[in-house]
Number of protein chains: 2
Amino acid sequence: MASSTVENYLKQLYLEQPASDGEMVPMGRLAVAMGVVPGTATSMVKALADSGLVQYEPRGGVRLTASGSQLALHVLRRHRLVELFLVKVLGLDWSVVHDEADALEHAISDRVLERMDVLLGHPTADPHGDPIPTAEGHVHEPHRMSLADCALGVPQRIARVLDQEPEFLQFVERQGLVPGAIVTVGKRESAAEAVKILVRNGEEVSLGLVAAAKILVEPPQGAASAAAP
Amino acid sequence: MASSTVENYLKQLYLEQPASDGEMVPMGRLAVAMGVVPGTATSMVKALADSGLVQYEPRGGVRLTASGSQLALHVLRRHRLVELFLVKVLGLDWSVVHDEADALEHAISDRVLERMDVLLGHPTADPHGDPIPTAEGHVHEPHRMSLADCALGVPQRIARVLDQEPEFLQFVERQGLVPGAIVTVGKRESAAEAVKILVRNGEEVSLGLVAAAKILVEPPQGAASAAAP
DNA sequence: CTTCGTATTTTGATTCATCAAAATAAATCT
DNA sequence: AGATTTATTTTGATGAATCAAAATACGAAG
């Protein structure tokens, strides 16, 4: 059995790994992501490499192996299914479920997870629009534009929010920019680094480019995605 | 924050402690209950004593302090609420929820627990009939007879099953001896160490005295107790 | 009261995950 | 190239939880 620590390292590596291209994650980035000093990451990664879960090249970085990815995806599946469960069944706010799921994802058995999956109707995305890997470890991450680079004047459906900070999520919710909402980007002021968003209810929201880039959109004709919080 | 290990020691001590009289639990019993060698129990208990969670008398044994009991009861509350949740909401079999809850009880936040409690309607007993402590740490453990010592020929309602072994629980379920069921003890053969039970549906079940002692009953006029599995 | 046996405690090691700080390699900048 | 900065790895230590095995205390039995 992989310890919680091992599961967390693998999950984090998966999230840091730019797409599934063969790029290596530098040690420094992993250490920061895990909140440990660099030396800790090095020794941990060596252990992971001995277990065949990652490939490690000294001073080159680290990359998940096939079995490492597999395990990471199972952890991610647990995490995201739990998030959705907490929102849909227990009625928690979507801004807090990330932290709750971080604790629960290591304690949930396959048996329990399976029941949650059935109860939720085999969902494909969590409350933030992040895709839920299948039990077999497959994920589909569609290529998406964000509010920072999508077409202007065309209605867009919000598909995913790439930030788990409760403060950001609460702000996003207050502005009605939750997954499923239809919005239009009115104008981009590159000088001001700001984007003007027209929300369906007539409101107008201004977003910095950094924030706008965290909100991914899709054409509204596509099937509805995540559960609105 | 108390580690999972600490929580487990406290929970186990609470369960070993004969009622709430001031008796001390001998180290050996604790070690067996925790599945560790005696020396481990000793050093752990010393640490617990330093944190003020138990009172430890070398060669005398160990006893929970007020704050230790409080913490133990919170763990027990999590454990039992989770058990009921798994049965009622996720539809798991009552014979497996004990082990699932052992893992989950350390990962569930007060926030999540509170939602479960509300969703379940502030239940007072888990699927085995074990009482659920309140959030304030109070439990009521009524004084009950068992099938091994209750009156003969009088209908009894099964209130609680004192064994978490899946095998035993599955047997109990097959025989219809689940909490809530009404049964009558027909005869006790002290020589054969056996008890003859008449189940409501006309069936007749024979139980060894040891098994019978694990099934607690109450007078049927009392309010219905646990949720039947 | 001495001896025996069992329960308990001590002692010394081990594993996991971590940090602090020193050592080293690689990259960057004159 | 030579010097300096930055990233990474090593090394040595620490705390939590554990085990194996030796040492010790206690109660019971002769």
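Strand S6 (residues 194–199) of chain B and S7(B) pair in the antiparallel sense over 5 bridges. Two strands count as paired if DSSP finds at least two bridges between them. Strands (E, at least two residues) and helices (H or I, at least four) are DSSP runs, numbered from the N terminus. Within this pairing, Leu198(B) has Glu204(B) in S7(B) as its bridge partner.

This is a predicted model, in which local features need pLDDT of at least 70 and side-chain atom pairs count only at pLDDT 80 or more, while totals for chains, interfaces and linings use all residues. Residues are numbered from 1 along each chain as its sequence is written, and chains are lettered from A and ligands numbered from 1 in the order in which they are written.

**The sheet of chain B**

S6(B) and S7(B) belong to an open sheet of 6 strands, with the order S3-S8-S4-S5-S6-S7 and antiparallel pairing. Strand S3 (145–146) and strand S7 (204–208) of chain B are the edge strands, and each pairs on one side only.

Strand S4 (residues 155–161) of chain B has 5 of its 7 residues buried, and is mostly covered. A residue is buried if 20 or more other C-beta atoms lie within 10 Å of its own, exposed if 12 or fewer, and partly exposed in between, with C-beta atoms placed from the backbone. S4(B) is joined by 3 bridges to strand S5 (residues 182–189) of chain B, and the two run antiparallel. Here Gln156(B) has Val183(B) in S5(B) as its bridge partner. S4(B) is also joined by 4 bridges to strand S8 (residues 215–218) of chain B, again antiparallel. In that pairing Ile158(B) stands opposite Val217(B) of S8(B).

**A buried valine**

Val172(B) lies in helix H7 (residues 166–174) of chain B. Val172(B) is buried because 26 other C-beta atoms are within 10 Å. Leaving aside neighbours within four places in sequence, Val172(B) is in contact with Val161(B), Leu177(B) and Val178(B). Two residues are in contact if their C-beta atoms, placed from the backbone, lie within 7 Å.

Two packed helices are described by the angle between their axes and the distance between the axes. Axes are lines fitted to C-alpha atoms, for helices over the stretch in contact, and angles run from 0 to 180 degrees between N-to-C directions.

| Helix pair | Angle | Axis distance |
|---|---|---|
| H1 (residues 4–16) and H4 of chain A | about 95 degrees | 8 Å |
| H4 (residues 66–88) and H6 (residues 110–119) of chain A | about 50 degrees | 10 Å |

The angle makes H1(A) roughly perpendicular to H4(A), whereas H4(A) and H6(A) are oblique to each other. Angles under 35 degrees count as roughly parallel, over 145 as roughly antiparallel, 65 to 115 as roughly perpendicular and the rest as oblique.

In the contact of H4(A) with H6(A), Arg78(A), Leu81(A) and Phe85(A) meet Leu113(A), Met116(A) and Asp117(A). These residues divide into 4 nonpolar, no polar and 2 charged. Ala, Val, Leu, Ile, Met, Phe, Trp, Tyr, Cys and Pro count as nonpolar, Asp, Glu, Lys and Arg as charged, and the others, Gly among them, as polar.

**Between the chains**

In the contact between the chains, 16 residues of chain B touch 16 residues of chain A. On the chain B side, helix H5 (97–104) and helix H6 (110–119) each supply at least two residues. H6(B) gives the most, with 5 residues. The chain B side divides into 10 nonpolar, 3 polar and 3 charged residues.
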